[in-house]
Amino acid sequence: MPAITVGLPAALTSPQPARDVPCEASTAGEALRAVVEQAPQYEQRIFYGDRLLVVVTLNGHHLPPGQVKETSLSDGDRIDIMLPVAGG
């Protein structure tokens, strides 16, 4: 299984600082679940049941929500989680 890094922003980890979570996963969906296994306190901020509550990027490129679960990963990939922003 590829060794990857998942970046968690301070907006998600507050009041703790932003952090990187190393894990092994074959898909982006597996990586997010691996993060929740290591840090269960973030589960309700990342998932609502099976639905994603966050925006996911892979190596700086946005992943459409419907593709996150199946997107394959390679050794050394980086996933970053971002909270959605709304405004007007």
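This is a predicted model: local features need pLDDT of at least 70, side-chain atom pairs count only at pLDDT 80 or more; totals for chains, interfaces and linings use all residues.
The largest pocket has a volume of about 200 Å³, and its lining is formed by Gly29, Leu32, Arg33, Phe47, Asp50, Leu52, Val54, Pro65, Gly66, Val68, Lys69 and Glu70. When these lining residues are sorted by class, 6 are nonpolar, 2 are polar and 4 are charged. Helix 2, which spans residues 28–38, gives the most to this lining, with 3 residues. Gly66, one of the lining residues, lies in the loop between strand 6 (61–63) and strand 7 (78–82). With a relative accessible area of 64%, which is over the 50% cut-off, Gly66 is therefore classed as exposed. Between Gly66 and Ala18, the separation is 48 residues in sequence and 26 Å in space, taken from C-alpha to C-alpha.

Two further residues of the lining, Arg33 and Phe47, are also in contact with each other, in that the charged end of Arg33 sits over the ring of Phe47 at 3.7 Å from its centre. Aromatic pairs, by contrast, number 0 in the structure.

Strand 7 pairs with two other strands, running parallel to strand 1 (residues 3–8) over 3 bridges and antiparallel to strand 5 (residues 55–58) over 4 bridges. Within these pairings, Thr5 stands opposite Arg78, whereas Val56 stands opposite Ile81.

Key
Residues are numbered from 1 along each chain as its sequence is written. Side-chain values use heavy atoms; hydrogens and water are left out. On a 1 Å grid over the protein atoms alone, a cavity is a set of points where a 1.4 Å probe fits but cannot get out, and a pocket is an open set with protein on both sides within 12 Å along at least five of seven lines; lining residues have an atom within 4 Å of a point. Grid points are joined across faces, edges and corners, and a volume is the space filled by probe spheres set on the points. Ala, Val, Leu, Ile, Met, Phe, Trp, Tyr, Cys and Pro count as nonpolar, Asp, Glu, Lys and Arg as charged, and the others, Gly among them, as polar. Buried means under 20% relative accessible area, exposed over 50%, partly exposed in between (1.4 Å probe, protein chains only). Rings of Phe, Tyr and Trp (its six-membered ring) pair if their centres lie within 6.5 Å; planes under 30 degrees apart count as stacked, over 60 as edge-to-face and the rest as tilted. A charge sits over a ring if NZ of Lys or CZ of Arg is within 6 Å of the ring centre and within 35 degrees of the ring normal. Two strands pair if DSSP finds at least two bridges between them.
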